Every structure is written in C-alpha cells, then in structure tokens.
Amino acid sequence: MSKQDEKTNTAWYIGAKRDQVGSGAILVGDPARIDRIAEHMTDVEFLPENRGLRTVTGTRNGQRITVSAFGMGAPIATIVMHELFALGVRSFLRVGTAMAVPPAKLGDFVLADGALRAEGTSNTYAPLGFPAMADFDLNAGLRQRLAASGRKWHAGVYGTYDGFYTEMFGLSGERRAMIDTLKQDIQRLGLIGTDMETSALLVAARVLGASASTLCIATVDAFTQEKIDDAAMSIAERELFDVALDSISEFATKKNEVTL
C-alpha cells in the first residue's frame, strides 16, 4: 500500500472526522490528561469518546492541535497515530511518562533521539534492521525549548518493551531479580529511559511519511523503582504540556509554510 492510499474521512477507532483534527497531534497515554492539556489551549472541541479513546482539538499559537489518548502499549498507540495520519495529520509528539535510567533522575525531561526496538508492533511496519529514529527538525525545536525551560533534561536512546511486569518493573522475588539483570544490559547500552510505545511510533511515522518524537517525564527510577511524588508530577506535567504544545504548533506552522 502506498503512502497516498493512507486516507480516510472518518477514523475507525477514535471516531474523529477529517475536519475535526489539527495540523499536528500530541499523543498521551492517560485519558485523564486530555482534560488537563485542554486547559492549555483555546477554542477547544472534545470529540466523542470511543472504546475508551479520548480526543480533543484546540488552538495553540494560531495552530489547531489534536491531542489523543491511547491508554498503554505500542499496538493501540500506533492505531491512534495511523488513524490521525489517515485524517491528514503529519506531525506527532508523544508525551507522558518514562522509566528513568541514570543520568536521568525523577522529574527530569527525557527526549528520544531514537529507540531500541524491543516491542513487536514496529515489526508490522518495517523489518528489525530499520532504525527507530525521531524527526531531526522536530527534535531541534524541542531542544531549543527545553534549553530555555529551566527544567533539567536529557536526550538519547529509549528502550521500548512490551512486557511491563516481565521486562520493566519487577514486583518481587525471582521476577524482580531477573528484571534487574535486564536493566544492567539497558545501562550498558547507554539508554536513557524505557517505555512501551516510542520505538513503534517512530518507525510507523517514518514509514507512513510523518514526523514524530517522544518527550517524557522521568517518573520511575529503573533500578530503585522509586516513583515521583504527586506534587512534583503535577508541576512537571504542566511544564511538559507547554513545551509540547509550543513545539508541535511551531513545527506544524513551519511545515505548512513549506507546503504553501
């Protein structure tokens, strides 16, 4: 199927129509974030919820931006991205949370330059030899805003995995000891964080012909399993939303100018 064939007027799962989405999109996991990020936009339109998937479109810096929540995991995240692409969106930024690997600490922002493909969904878009790379120009804009934000941040390679309790977070006993061994490999490879979506989104976007990246808050320490507290998370999330919305709206504006 060619890229030109990826077109629809109404999305199958998220239920959005072509005239209800913006020029760029932010993908979030937690559906509750839809209400919170909507407060950072004007002229907000909440789309009907379908299968637990929530979507809102609003205006930021003169650009219409769509925010869609996918829940958890690469399969659903790529469905949401693929449907938004078919509706005409060409710029994507996933924001949310990631497990931190030193030197990243709790509360730091973590930007993906690329990702280790240890999930299965990206294999349906491209063979394993195909790299999971973030869009260079989108990341250049994100770097500028992060540098001016005052928030400590890191950029590098994510590790993306399917098994949360089998590869990322051990509850107790032998399982936790086994996962600790896997995390030593993660540190040896110099990864800066782990999640369940980034590599699939980066591969899918590049194959489809879109621009994409990931910017997350480090919320869990990969080795101690310490979690960020609610107050710190609330502050960091608001800053994350502002950086993300300003970056994706600026990037979408530049892409539209080039198209024109």
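## Briefing: cavity lining, pocket and strands

Helix α6 (198-208) and strand β10 (211-221) each supply at least two residues of the lining of the largest cavity. Helices (H or I, at least four residues) and strands (E, at least two) are DSSP runs numbered from the N terminus. This is a predicted model, in which local features need pLDDT of at least 70 and side-chain atom pairs count only at pLDDT 80 or more, while totals for chains, interfaces and linings use all residues. Residues are numbered from 1 along each chain as its sequence is written, and side-chain values use heavy atoms, with hydrogens and water left out.

**The whole protein**

- The protein has seven helices and 10 strands.
- Of its 260 residues, 53% are buried (under 20% relative accessible area with a 1.4 Å probe and protein chains only; exposed is over 50%, partly exposed in between).
- Take the contacts (heavy atoms within 4.5 Å) between residues at least 6 apart in sequence: 77% of them join residues at least 24 apart.
- The protein exposes about 11,600 Å², of which carbon and sulfur atoms supply 54% (Shrake-Rupley method, 1.4 Å probe; for residues, only the protein chains shown count as cover).

**The largest cavity**

- Searching the whole structure turns up one cavity of 30 Å³ or more, and the largest cavity has a volume of about 30 Å³.
- On a 1 Å grid over the protein atoms alone, a cavity is a set of points where a 1.4 Å probe fits but cannot get out, a pocket is an open set with protein on both sides within 12 Å along at least five of seven lines, and lining residues have an atom within 4 Å of a point.
- Points are joined across faces, edges and corners, and a volume is the space filled by probe spheres set on them.
- The residues lining the largest cavity are Met133, Asp135, Leu202, Ala205, Arg206, Ala210, Ser211 and Ala212.
- By class, this lining holds five nonpolar residues, one polar and two charged (Ala, Val, Leu, Ile, Met, Phe, Trp, Tyr, Cys and Pro count as nonpolar, Asp, Glu, Lys and Arg as charged, and the others, Gly among them, as polar).
- Helix α6 gives the most to the lining of the largest cavity, with three residues.

**Helix α6**

- Nine of the 11 residues of α6 are buried, so this helix is largely enclosed by the rest of the structure.
- The buried ones are Thr198, Ser199, Ala200, Leu201, Leu202, Val203, Ala204, Ala205 and Leu208.
- Just after α6 comes Gly209, with a positive phi of about 105°.

**The second largest pocket**

- This pocket has a volume of about 160 Å³.
- Its lining comprises 12 residues, and those closest to its centre are Asp137, Leu138, Gly141, Phe251 and Lys254.
- Two or more lining residues come from each of α3 (136-149) and α7 (230-259).
- Five residues of the lining of the second largest pocket are nonpolar, three polar and four charged.

- DSSP must find at least two bridges between two strands for them to pair.
- β2 (residues 42-46) and β3 (residues 55-60) pair antiparallel over three bridges, with Glu45 opposite Thr57.
- β3 in turn pairs with β4 (residues 63-69), antiparallel over six bridges; Thr59 has Arg64 as a bridge partner, and Val56 has Val67.
- β3 and β4 form a hairpin with two residues between them, and Asn61 in the turn has a positive phi of about 55°.
- β1 (residues 24-28) and β4 run parallel, paired over five bridges; here Gly24 stands opposite Ile65.
- Both faces of β3 are covered, with Thr55, Thr57 and Thr59 buried on one side and Val56, Gly58 and Arg60 buried on the other.
- Six of the seven residues of β4 are buried, so β4 is largely enclosed by the rest of the structure.

**A closer look at Ile65**

- Ile65 lies in strand β4 and counts as buried because its relative accessibility is 0%.
- Leaving out residues up to four places away in sequence, Ile65 touches Gly22, Ser23, Gly24, Ile26, Met41, Val56, Thr57, Gly58, Leu245, Ile248 and Ser249.
- Ser91 is 26 residues from Ile65 along the chain, and their C-alpha atoms are separated by 9.8 Å.

**Strands β6, β8 and β9**

- β6 (residues 109-118) and β8 (residues 153-161) run parallel, joined by nine bridges, and Ala115 stands opposite Tyr158.
- β8 and β9 (residues 193-195) pair in the parallel sense over three bridges, where Gly159 has Thr194 as its bridge partner.
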